[in-house]
Amino acid sequence: MTEFIWETPAEITLDLAKRVKKIRKRRKITQKQLAHRSNVSYATLKKFEQTGQISLMSLVKIAMELGLADEIKTLFSQPVYLNIDEVLNDE
């Protein structure tokens, strides 16, 4: 059984980009500053904040610079079981 998701991948990634942008602004860091400090190009960061599109490596670099590495590291760490078979297969 597949769980139905109401959001598109584009909507989910754009929402993530908005959260990262909000953190950046709250810390009073410009796009250029964050790009330089995270070793991600300014164009990549700008595109990410506008569209949600970014490579995983660049996202990790940005997260690390913003002190959010643990959030990335714990992604998918808590199992979400859809049925009892998954629970049994996990052991």
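Tutor: Start with Asp15 and Arg19. Their side chains meet in a salt bridge, N to O at 2.9 Å. The term means a side-chain nitrogen of Lys or Arg within 4 Å of a carboxyl oxygen of Asp or Glu. This is a predicted model, where local features need pLDDT of at least 70, side-chain atom pairs count only at pLDDT 80 or more, and totals for chains, interfaces and linings use all residues. Side-chain values use heavy atoms, with hydrogens and water left out, and residues are numbered from 1 along each chain as its sequence is written.

Student: Where do Asp15 and Arg19 lie?

Tutor: Both are in helix α1, four residues apart, about one turn of the helix. Helices are DSSP runs (H or I, at least four residues), numbered from the N terminus.

Student: Is Asp15 buried, exposed or partly exposed?

Tutor: Asp15 counts as partly exposed because its relative accessibility is 36%. Arg19 is at 47%, so Arg19 counts as partly exposed too. The cut-offs: buried is under 20% relative accessible area, exposed is over 50%, and partly exposed is in between (1.4 Å probe, protein chains only).

Student: How many salt bridges does the structure hold?

Tutor: Three. Another one joins the side chains of Arg24 and Glu49, at 2.7 Å, N to O. That pair links distant parts of the chain: Arg24 sits in helix α1, Glu49 in helix α3 (residues 42-51), and 25 residues separate them.

Student: Why does Arg24 count as buried?

Tutor: Its relative accessibility is 5%, so Arg24 counts as buried. Glu49 counts as buried as well, because its value is 6%.

Student: Which residues does Arg24 touch?

Tutor: Leaving out residues up to four places away in sequence, Arg24 touches Ile29, Thr30, Gln31, Leu34, Glu49 and Leu66. Contact here means heavy atoms within 4.5 Å. So the list includes Glu49, the salt-bridge partner.

Student: Next pair. What does Arg37 form a salt bridge with?

Tutor: Glu65. The closest N and O atoms are 3.2 Å apart. Arg37 lies in helix α2 (residues 31-38) and Glu65 in helix α4 (residues 56-65), so this pair ties together parts 28 residues apart in sequence.

Student: And what is the relative accessibility of Arg37?

Tutor: 44%, so Arg37 counts as partly exposed. Glu65 has a relative accessible area of 29% and is partly exposed.

Technical notes
Helix = DSSP H or I, 4+ residues; strand = E, 2+ residues; numbered from the N terminus.
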